[in-house]
Amino acid sequence: MQLPESQAAVLEAASATEERTIEQLSDETGLKPETVTGAAFDLEDAGLVAVSTAEAVSHAVTAEGERYAEAGLPELRLYRAALSAGADEGPVSMGAVIGAADLEGDAVDIALANYTRKGYGDLDSGRIAADPDADPDADAEAAALASLVAGEAVDDEDALDGLVRRGLVERRERAIRSVTLTDAGVTALMEGVEAAETVDRLTPEMLASGEWRDVEFSAYNVEADAPEERGGKVHILRQTAERVKDTLVGMGFREMDGPHADAEFWINDCLFMPQDHPARTHWDQFALDVPPMRDIPEDLLDRVRSAHLEGVGDDGDGYHSPWTEEVAREVDLRGHTTSLSMRYLSGHEIGDLEPPERFFSVEKVYRNDTLDPTHLLEFFQIEGWVMAEDLSVRDLMGTFEEFYQQFGITDLQFKPHYNPYTEPSFELFGEHPETGELIEIGNSGMFREEVLRPLGVDCDVMAWGLALERLLMLMYGFDDIRDVHGTLCDLDLLRTTEVLH
């Protein structure tokens with residue numbers, strides 16, 4: 001019997017008494033695994049071998065898992081620190097225990113969440129109590145993580161599932177194919193197999209020389225395994241941002257851009273936010289230790305100061321609270337992209353504007369929030385505003401309905417709200433497609449006279465700030481922003497999900 005070289009090599013390396021994997025046959029024949037796979041399928045079609053497939057699951061420790069294997073799981077570090085602080089005898093200050101456990105950043109939230117889940121103790125009103133009967137040395141997840149790092153097998157599926165959910169371990173599944181000689185294959189070997197030289201591709205040299213007429217080409221096997229290639233890809237969040245931009249441009253908007261670090265003046269003062277407002281403290285904003293911003297128009301500065309201290313119009317009263325230029329010039333990371341709106345509406349960025357005008361931005365903002373499924377320290381905001389005569393809340397609602405309809409969201413709900421800078425104001429909510437829960441997706445309203453007059457705007461302006469990540473959640477049913485953003489994101493989900501235009 002005459003066979004192509006690769007098939008002859010695989011047939012001779014296969015056994016009738018034991019299964020041999022593709023990897024084993026590759027090592028024995030010196031052929032690439034994908035070549036062996038193709039040859040095996042061809043031999044199976046000819047009835048000379050049988051190919052079986054089994055699914056193999058393995059687990060690999062992630063970089064974060066390696067760190068926790070060395071330093072200890074955050075909840076175990078928290079529990080041991082709580083014991084040292086006497087929390088087994090009565091509740092103690094949580095802040096002191098967290099500091100003693102040397103936890104910071106994401107590790108704090110992870111420790112607190114798993115501390116109660118695993119029954120190590122209770123948390124209440126800033127105090128922590130420890131169960132004296134808990135045994136951190138018997139922690140199943142910690143034991144499984146240590147075994148994996150040591151290269152040992154782990155049989156505790158629940159512990160493995162927990163580590164996978166936490167992003168400390170990555171589960172890998174792959175197909176293992178094995179080859180066994182059939183009776184026909186044994187007979188063929190006994191009668192003798194001759195390797196016929198074949199080629200797998202047509203080359204320019206063959207065409208030029210005419211050699212292609214005399215060679216035998218190997219057949220293509222579309223079922224053969226091919227090596228997996230993972231190239232770069234635009235992040236799903238960036239894909240969504242680009243789709244949002246395309247949608248707003250199609251609705252007649254122009255894009256704004258500007259600094260991520262800006263003066264308090266542009267971020268808050270122009271928005272008629274009093275300087276002693278709680279949201280302007282370091283608990284909500286990130287202040288930068290840099291020189292104060294000098295590039296602020298003096299006449300605009302005076303008008304904004306007057307709005308705060310004296311009010312605007314005959315009925316305006318301003319705020320009965322202090323206002324200083326020093327605070328206005330301090331530099332923070334922007335907590336919203338409305339600072340861009342203030343720059344553009346004032347004419348400072350691109351010159352005076354004449355109504356009607358429409359502008360938007362899809363940019364990153366920074367807030368000192370507590371991390372949870374719907375909040376991050378940095379996220380993308382869809383900022384937008386329309387300047388025109390005789391605008392109303394009905395125009396604003398209609399704009400939202402038109403915008404969100406482009407993304408398949410038609411069940412918007414509106415709730416009255418208070419903002420220092422808009423009146424009337426309302427929040428937007430959408431129903432999560434999986435949980436049915438109402439998710440807040442934005443805030444909006446009509447800019448107040450105290451905002452517009454100092455900027456030199458004498459017509460109506462409706463404005464909004466929408467959450468890009470929450471739009472993504474409603475579009476695809478994600479229930480946790482961290483699935484697509486940050487260190488805990490699901491890489492397989494990011495590789496396979498496409499934002500459709």
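**Strand pairing, surface patches and salt bridges**

Reader: Which residue in S7 is the bridge partner of Thr21?
Author: Strand S2 (residues 20-21) and strand S7 (residues 169-181) run antiparallel and are paired over two bridges; strands (E, at least two residues) and helices (H or I, at least four residues) are DSSP runs numbered from the N terminus. Two strands pair if DSSP finds at least two bridges between them. Within S7, the bridge partner of Thr21 is Ser178.

Reader: What pLDDT is required before side-chain atom pairs count?
Author: Residues are numbered from 1 along each chain as its sequence is written, and side-chain values use heavy atoms, with hydrogens and water left out. This is a predicted model, in which totals for chains, interfaces and linings use all residues and local features need pLDDT of at least 70, whereas side-chain atom pairs count only at pLDDT 80 or more.

Reader: How many bridges join strand S3 to S7?
Author: Ser178 in S7 also stands opposite Ser52. Strand S3 (residues 49-61) and S7 run antiparallel, and the number of bridges that join them is 13.

Reader: Which strands stand at the edges of the sheet of seven strands?
Author: The seven strands form an open sheet with mixed pairing, in the order S11-S15-S16-S20-S19-S18-S17. Two of these strands each have a single partner strand, so one side of each is left without a neighbour in the sheet, and they are strand S11 (254-255) and strand S17 (413-417).

Reader: Which residue in S16 does Phe359 stand opposite?
Author: S15 and strand S16 (residues 378-388) are antiparallel and pair over 10 bridges. Across this pairing, the residue of S16 that stands opposite Phe359 is Trp385.

Reader: In the sheet of three strands, which ones are the edge strands?
Author: This open sheet has the order S4-S6-S5, with antiparallel pairing. The edge strands each pair on one side only, and they are strand S4 (92-93) and strand S5 (121-124).

Reader: Is Glu354 buried or exposed?
Author: Glu354 is placed in the loop between helix H16 (338-345) and strand S15 (357-366), and a cis peptide bond, with omega of about 0°, joins Pro355 and Pro356. Buried means under 20% relative accessible area, exposed over 50%, and partly exposed in between (1.4 Å probe, protein chains only). Because its relative accessibility is 61%, Glu354 counts as exposed.

Reader: Which residues gather in the patch of negative charge on the surface?
Author: Patches are made of residues with over 30% relative accessible area and no salt bridge, like charges being joined within 9 Å and nonpolar side chains (Val, Leu, Ile, Met, Phe, Trp, Tyr) within 5 Å. Lys and Arg count as positive and Asp and Glu as negative, without His and the chain ends, and the place of a charge is NZ of Lys, CZ of Arg, CG of Asp or CD of Glu. Areas come from the Shrake-Rupley method with a 1.4 Å probe. The negative patch on the surface gathers Asp352, Glu354, Glu389, Asp390 and Asp458.

Reader: What is the area of the nonpolar surface patch that includes Trp212?
Author: Trp212 sits in the loop between helix H11 (204-209) and strand S10 (216-217), and at 36% relative accessibility it counts as partly exposed. Together with Leu202, Leu207 and Phe217, Trp212 makes a nonpolar surface patch of about 390 Å².

Reader: Is Phe272 buried or exposed?
Author: Phe272 has a positive phi, near 60°, although it is a residue other than glycine. Its place is the loop between helix H13 (264-267) and strand S13 (286-287). With a relative accessibility of 3%, Phe272 counts as buried.

Reader: How many residues apart are Asp137 and Arg80?
Author: The side chains of Asp137 and Arg80 meet in a salt bridge at 3.1 Å, N to O, where a salt bridge is a side-chain nitrogen of Lys or Arg within 4 Å of a carboxyl oxygen of Asp or Glu. The pair links distant parts of the chain, since Asp137 lies in the loop between S6 and helix H8 (140-149) and Arg80 in helix H5 (residues 74-84), and the two are apart by 57 residues.

Reader: Which residues do salt bridges that share partners join into one network?
Author: Glu141 and Arg166 form a salt bridge at 2.7 Å, N to O. Glu141 lies in helix H8 and Arg166 in the loop between helix H9 (157-165) and S7, so the pair ties together parts 25 residues apart in sequence. Both Glu141 and Arg166 are buried. The network joined by shared partners consists of Glu75, Arg117, Lys118, Asp139, Glu141 and Arg166.
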